[in-house]
Amino acid sequence: MSEMWINMGPQHPMTHGLWNLRVHIDGERILDVDPEMGYLHRGIEKISEDRHYNEVITLMDRTCYVAGMAWEHLYVQAAEQALGVQPPERADWIRMMSDEFQRLASHIMWYAAFVQDLGLMSPFLYGMRDRDLILDLFQSYTGGRLTYEYMRVGGVRNDLPEGFTGRARQVLDWMEPRLVEYDRLCMGSDIFRRRCDDLGVLKADECVRLGVTGPMLRSAGSKRDIRKDRPYSRYAQVEFDVATADSADVTGRYLVRMEEMRQSIRIVRQALDWLDSHPGPVLADRLPRWLGAPYAPIGREAYLLKRNYPKGVGLSAVEEPHGEACAYVVNEGGEHPYRVKFRSPVFANLSAAKSYLVGYHVADIPPIMGSVDVCVGEVDR
Amino acid sequence: MAITTLWDAAYTLATGLLWLVGRIIPPLAGPLANGDLIWGLSALVFGAILLGASMINTIMLIWFERKLLGRFMDRRGAMHVGYAGLLQNFADGLKLFRKNTFKPREADNLGFYSGPTAYMVTSLLMFGVLPISSGWSDGSLPLSMLLALVIFSFAPLFIFISAWSSNNKYSLMGGMRSAAQMIAYEVPILLAVVAVVLVSGSFDLNTIVAEQQNYWFWGPLLLAMLVFSIGMLAEMERIPFDLPEAEAELVEGWNTEYGGMLFAYFMLADYLRALAGSILIVLLFLGGWTLPTYVPSILTSFPLAGIFWFLLKTYAVFGVFVWVRASLPRVRTDQLLRIGWMRMIPLSLVAVLLAAALVLVKCLPVFGCIPSMGG
């Protein structure tokens, strides 16, 4: 078999979404790769310019469909900064708790898809089963399982329901032994280690040069984590460790994510304790009056809004399950953001595909790309 | 006459059928009472029974795998069609049957259509020589095991033909992998079989089973059985050796371009081969349809006891394969070939040496002797 290009995607089991990995192969060896993104482009940044500040939150859920809470959080932080709104403390804790639950759910989803790529079928269903419990929790206080539309500029939509913290603790108690089980299914398997060790190596300096962040960067030994380096929300008030590994390979990324799940459980427990003892409002009372308006101001009203309201920009960075996400919101007055810009961590991680794929086998593509944790919704936006 | 073998049953059935036709249309009675005609018709009936038995077993095997796999995965498997999903596979088969089979424009006509057909036919052929209980086949094939293995090893050829003629890069890569894998694991399988042949002194599956009346071969020939089972796992292309259709990277491997009934052919043939592989393991190492002599005779004297125990063992062996599938990830191509050439072949050679030593000592302290060696 001579050299040839094959298209892995846009419809391919490995891609986990809509994108295309063009691979130049010689037999089973990879000579070159060319990732092509953009199949899922919905123009979220542009649409945001036409929407009220709170209506953009709906789009955030669709930006990354497995980490909706993290993206909502990212956006509302930037929007609050741009509008000069301060959320109540309780809302901030709920947001952080939601973030960490989302990280847990997202990592479990990643685990399920990743082992499925390796041909390990049972853990896929174990992962889906356990993730459902977290989605049930989300449903109990947001009403949604995947697209929550829960956070608001200036707080969150509603407070946690009665008995929520107890149920959440039950789920965490169930999760902890499950994580040990997951680990035993993978790290206990010789075939798994043979498949994943020394695979898709990307050293820390390379990661920094290519803008690769998140678990991929931390698996290379870096301790960079926005939650620690530039604490947002209430991360400064909780105890947790930054998960790192040294091997910079697929196994390393696996270990980092596994440890992050444990740390997420730790953070959620602390947040639940705080929420139990600190009741209070969850939505700021001093909001711009049109933020809750069911209609778009028109005519003279809109003109006045545009002229009189304070202008500003908001910039926020969040350690999303996939990496470092960044949002930039420009407020030029009025009820719509003038410009919204997002930085997607997966876009950078995916664009660097050439650096960690070339030289390996075709059969290595699914585990390597699986370890990147691709979420195409946020790549294309 | 007493019906003791399947052939007798087929012969009686054919004779009765011809007699009935003769009674209904009297002028035909004379010409129909022809020995050759009866023989030919009984051969057809015999084949039909074999076909029915193997197909029903294959479909039940798929059901068994789905249910077992479901339990391993903390779910129930098929539940809705028929009792406990028993008819689910028939529904799936019907759906595939109704589907439009299409062919990519650039695919080669001859290879594209003949590949799956030949794969299916050769997989079915195997059941002509695999005895399911004593009297299932008439024992007139002294090399039946060799024939079964020869038919078994046709598969890579047809897989490669259909993969190549699909004119798809994924199919081609899957076909290449399949060919490399099956050829690599053919050798240890045959060497493991040599160990059995050394001890039993025969290539005839009936004789091999008869030789296991004192003890089953899996005890003294444990290494050979392990090598054979792992080799069979690779030949069946099941996880952890299902690289030719590794769905994560190769979409569906060599059958990517196939849909509808042609895909059903591949699927059925895969499970036919899985069934045949499990049957071979039971025949060679687990005593076939026999039970150890010390079990109470009530367990072996009920009607069709041989078939019952044989199928029980076969499904148990297949259950182990399902268990493996539920708990192991897939290996990589180069790792697979390295395991095949560098681990399995030396191991199978050791197994042959052990078998030769067993032939020398003739009797083992715990197990006893093999009949043909003066037991």
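In which crossing, left-handed or right-handed, does H1(B) pass H3(B)? H1(B) passes H3(B) in a right-handed crossing, the near helix being turned clockwise from the far one by less than a right angle. This is a predicted model, in which local features need pLDDT of at least 70, side-chain atom pairs count only at pLDDT 80 or more, and totals for chains, interfaces and linings use all residues. Residues are numbered from 1 along each chain as its sequence is written, while chains are lettered from A and ligands numbered from 1 in the order in which they are written.

**View 1. Helices H1 and H3 of chain B**. The axes of H1 (residues 6–24) and H3 (residues 35–72), both of chain B, come within 8 Å and cross at roughly 125°. Residues in contact (C-beta atoms, placed from the backbone, within 7 Å) include B:Trp7 and B:Leu17 of H1(B) and B:Phe46 and B:Ile49 of H3(B). By class, this contact has 14 nonpolar, two polar and no charged residues.

**View 2. The contact of chain A with chain B**. Chain A gives 27 residues and chain B gives 25 residues. On the side of chain A that touches chain B, strand E1 (3–8) and helices H4 (89–117), H5 (122–142), H7 (190–196) and H15 (365–372) each supply at least two residues. The residues of this side divide into 17 nonpolar, five polar and five charged.

**View 3. The fold of chain A**. Chain A has 16 helices and eight strands. Its C-alpha atoms fill a box of roughly 70 × 45 × 35 Å along the principal axes.

Conventions: Axes are lines fitted to C-alpha atoms, for helices over the stretch in contact, and angles run from 0 to 180 degrees between N-to-C directions. Helices (H or I, at least four residues) and strands (E, at least two) are DSSP runs, numbered from the N terminus. Two residues are in contact if their C-beta atoms, placed from the backbone, lie within 7 Å. Ala, Val, Leu, Ile, Met, Phe, Trp, Tyr, Cys and Pro count as nonpolar, Asp, Glu, Lys and Arg as charged, and the others, Gly among them, as polar.
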